Amino acid sequence: MQKLETRDLCARFDSEKFPFKTTDELKPLSTVIGQERAVRALELGLEMNGPGYNIFVGGYPGTGKATIIQNIAKKFAAKRKTPPDLIVVNNFTNEYHPLVIALKAGHAQSFSKEMSRLIDSLRQDLPRVFQGEHYQRERKQVTREFNERRNSLIDELNRKAEEQHIQVQYTEGGFQTIPIAEKEPLSEEQYNQLTDAEKEKINEAIKFVQSLIGDTLREIASIDQLAQDALEKLNEEIGLAAVKPRVDHLKQRYPRQRALRTYLDSVKTDIVSNLELFLGQAADETQPVENDGQEGLLPAENPFIRYRVNILVDNSAQKGGPVIVDTNPTYYNVFGRIEKRAILGGLITDFTMIQAGSLLRANGGILILDIEAVLQNPYVWDALKRSLRNQKVQIEDVNEQFGFSSITSMKPEPIPLTVRVILMGRSDYFQYLQGVDDNFRKTFKVRADFDYEVQRSPSVEQEYAAFIARVCKERKLPPFSADGVAAILAHGSRLADDQTKLSLQFGELVSVLMEAAHYGQRGDHKTISADDVHKAIAERRFRMGLVEEKIQERYDRGTILVDTTGEKVGQINGLAVYSVGESGFGKPVRITATTFMGKSGVINVERMAKLSGKTYDKGIYIISGYLGHIFAQEYPLSLSISITFEQSYSGVDGDSASSTELYAILSSLSGYPIKQGIAVTGSVNQYGEIQPIGGVNEKIEGFFKVCSQKGLTGEQGVIIPQANVEQLMLNREVTEAVEAGKFSILSVANISEGVEILTGKSAGEMNKRGHFPRHTVFGEAQRKLKDFLVKSLTMKQRLVPGKNGNKDASGSEVTD
């Protein structure tokens, strides 16, 4: 047992030993404090070139890991080669499978502009070419040649028809045959005067001429087709002569881009095949367009969209590899989307509506995602693993995969992927994914765990001060004085709940720095002092302290029953921590224990009422084990113990009150009262050793506050586990009261030490026969237990006739 001195109650930071007066004298921190393990893991994952070396970053929130990860990622990405631009262009052979082409960084924009200029110039120049003298002369030559052949056939037809005394007339309905006599058409009257033989001869002549007409028409059709082919060939030759130099000039600008040069060849071929688009012979304002599987009339699309360049990824401003942080990783945000446009109740799309996601924008660099957000968004996790495993990304409509869309959409070719993905999240997500996903460890081979505290040392304290200097510079805050830095260091130890460590929860620290600067500037302070820091911390506690204040009122009014003076048997003050959001505070709770005859053992009221957690129940079972270990070596225990947290109507968990409950049980068994001015915290094992607990500072401060309100007597204090002494970082009110002798903090290592403090009686030591001395806590408890056993055996004898006398468990004769 040790009564703690003021120096034991919190870490001391002597500002006089700092080699600076204000943080203005310090170089801002450029390294990472206390995260060597995580940094080395990140470096490994970013340096490795093999597949699967993606990184999972775990750790407590608020440790600044997001900022650290981005800084490290940017440093490594800057050393990488700038990735290429990506463009999507039309596939002229299959418009539903557009082509994706990689271009040197910065070339996508220039190529898009050059393509636009090419098409615009052709739209202006091609009509002039085809209206020019050279084309018209060549066209007339082709037309004249075939017209002459057509006319020759018709002349031959007329000659042969005249030989048969038949005249061929040309009408809109086709050719007509008319008999003639002496080169004049035969009238109906003349025809009727002919003999039957003459009529038959005319009919035979007409049949012959009609067969000639049929042959002539077939030959004319063939000539027309040849003429059309010749004209098309002429158009292609003229068009190619106009288009080829322009396209070839564009190809020369990209000599090493094989895919792009192949695409430009297909552009040249398509333009020549669709000259009517450039000559103003396109379709009407409306044309049949595929509309959700049905034919309907929709406004005509711009026919020149087919030659546009859709810039998927533009790295023209990028230096080195990109670092992308996607804070909203939906499926389409990560993998890209294919937009659709509604027209007259229908949906249409084309390759220009394809958009890249963060995975493609990070291609060649690093993508940072939050694992919780990834798992919350449907389809993202599986698609991400598939893309990383195959090293390719596919932009597609996710609805089509599951048959939710009947619209035929674009499906670009898969795009090669070289990206390093960093997932951030709590460590329990890593454990979960390792347990349920066999591919997880193959895809994320590197784990980087961020610590939440660092061992205190002069070098770390200096780094802390440099960190404060960096925050002041980045946030444009006034410098902190040496005692202000000392106050921040003390707060860092308090956040770590350890005198030998400093917290790495930089999010919390930055908030305190900014708020301290705010209060300092409000007071026109040129430097931020310890008083400003204490003011900021006190104000934070006040802002978040409404619930604590309301509960304190209940202690002050006596609504919650807690005694801080006097002595009582079987009653003790335990300590509990209440968590409200990001704040926590401790308050005392009355624990009572009653012991009586029976065989029920320890009856835990919370457990019976289903208000206890598993860890709390375990503590109760440990108490039973301890009682058996101490008192049931010679004879069995025959008793019932009822123990409860008074006025507790919500759930109870944790075993930090197990020693407290055991003290109450020992008081009830021995009959020795417990001092009500002393509260207790600490768990116990089956051998009576006191084990450390959490929230020791909040618990002590909570009980101190209640005692202060009720009046400090100098006899009040708190018993804590000896192992928790180094974790003490108590506030100034408590340390000042301890220094003034108004309050005490005592540490114990076992139950014997604690029970002697609480009762003022010796705990007692077991002799060789297994007995404890009389007038000790254990001795009186043992005597009462034996008395319970004797009484229970006596009652059994009375209920079972025919047996004389009773013996105790040791074989001695006992009487009532």
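Helices here are DSSP runs of H or I with at least four residues, and strands are runs of E with at least two, both numbered from the N terminus. The model is a predicted one. Its chain holds 27 helices and 35 strands. The radius of gyration is 48 Å, whereas the globule rule gives 28 Å for 816 residues. The value is well over the rule, so the chain is more spread out than a compact globule.

The box tells of the extent of the chain. Along the principal axes, the C-alpha atoms fill roughly 165 × 85 × 50 Å. The accessible surface comes to about 42,200 Å². Carbon and sulfur atoms account for 48% of that surface. As for burial, 47% of the 816 residues count as buried.

Next, the contacts along the sequence. Take those between residues at least 6 apart in sequence. Of these, 75% join residues at least 24 apart.

Now to one helix pair. Helix α3 spans residues 107-131, and helix α4 spans residues 133-163. They pack at an angle of about 50°, with their axes 5 Å apart. That angle makes α3 oblique to α4, because angles under 35 degrees count as roughly parallel and those from 65 to 115 as roughly perpendicular.

Which residues of α3 and α4 make the contact? From α3 come V129, F130 and Q131. From α4 come E133, Y135 and Q136. By class, the contact has three nonpolar, two polar and one charged residues.

Terms used. Residues are numbered from 1 along each chain as its sequence is written. This is a predicted model: local features need pLDDT of at least 70, side-chain atom pairs count only at pLDDT 80 or more; totals for chains, interfaces and linings use all residues. Side-chain values use heavy atoms; hydrogens and water are left out. Axes are lines fitted to C-alpha atoms, for helices over the stretch in contact, and angles run from 0 to 180 degrees between N-to-C directions. Angles under 35 degrees count as roughly parallel, over 145 as roughly antiparallel, 65 to 115 as roughly perpendicular and the rest as oblique. Contact means heavy atoms within 4.5 Å. Ala, Val, Leu, Ile, Met, Phe, Trp, Tyr, Cys and Pro count as nonpolar, Asp, Glu, Lys and Arg as charged, and the others, Gly among them, as polar. The radius of gyration is taken over C-alpha atoms; the globule rule is 2.2 Å times the number of residues to the power 0.38. Buried means under 20% relative accessible area, exposed over 50%, partly exposed in between (1.4 Å probe, protein chains only). Accessible areas come from the Shrake-Rupley method with a 1.4 Å probe; for residues, only the protein chains shown count as cover.
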